Amino acid sequence: MRESNDEIRSCFIWNGFDYNLQVWVKDGIILDCNHPQSMKDNGCCKSHSLAGRSILLTPGAEYVAETIIINGICVRNIKQQ
Ligand SMILES: [Zn+2]
């Protein structure tokens, strides 16, 4: 079984990578990208346009229905086929 370190809260990524939105999340807030400012000025990517938003209030965020507890942290339950 592959384990993910992404922390889940209220069925959304709280700390980790949201695959639907393709953004990193920290403490429930979408992080900005690391693109140069010149690229950001031209609207480089979703991370930048969504940066600072709550993942719980962002349409299209990944919904994680199946979770398990590992080391006291709620994470994705990923079953290997
Ligand atoms: Zn960017």
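**Strands and hairpins in a predicted model**

Student: What makes E2 and E3 a hairpin, and which residue in the turn has a positive phi?

Tutor: Four residues lie between E2 and E3 in this hairpin. Glutamine 22 in the turn has a positive phi of about 60 degrees. Remember that the model is predicted.

Student: How do you know that E2 and E3 pair?

Tutor: Pairing takes at least two bridges. Strand E2 (residues 12-18) and E3 are joined by three bridges, so they pair. They run antiparallel. Glycine 16 stands opposite valine 25 in E3.

Student: Why do E3 and E4 count as paired?

Tutor: The cut-off is at least two bridges. Two bridges join E3 to strand E4 (residues 29-30), so the pair qualifies. These strands are antiparallel. Lysine 26 has isoleucine 29 in E4 as its bridge partner.

Student: How many residues lie between E3 and E4 in their hairpin?

Tutor: Two residues. Aspartate 27 in the turn has a positive phi, about 50 degrees.

Student: Why is E4 called a strand?

Tutor: A strand needs a DSSP run of at least two residues. E4 covers residues 29-30, so it meets that cut-off.

Student: Which residues form the covered face of E3, and which the uncovered one?

Tutor: Val23 and Val25 make up the covered face. Trp24 and Lys26 make up the uncovered face. Side chains in a regular strand alternate between the two faces of the sheet.

Student: What is the order of elements in the whole chain?

Tutor: From the N terminus on, the order is β-β-β-β-α-α-β-β. That comes to two helices and six strands.

Conventions. Residues numbered from 1 in each chain as written. Predicted model: local features only at pLDDT ≥ 70, side-chain atom pairs only at ≥ 80, totals over all residues. Buried ≥ 20, exposed ≤ 12 C-beta atoms within 10 Å, placed from the backbone.
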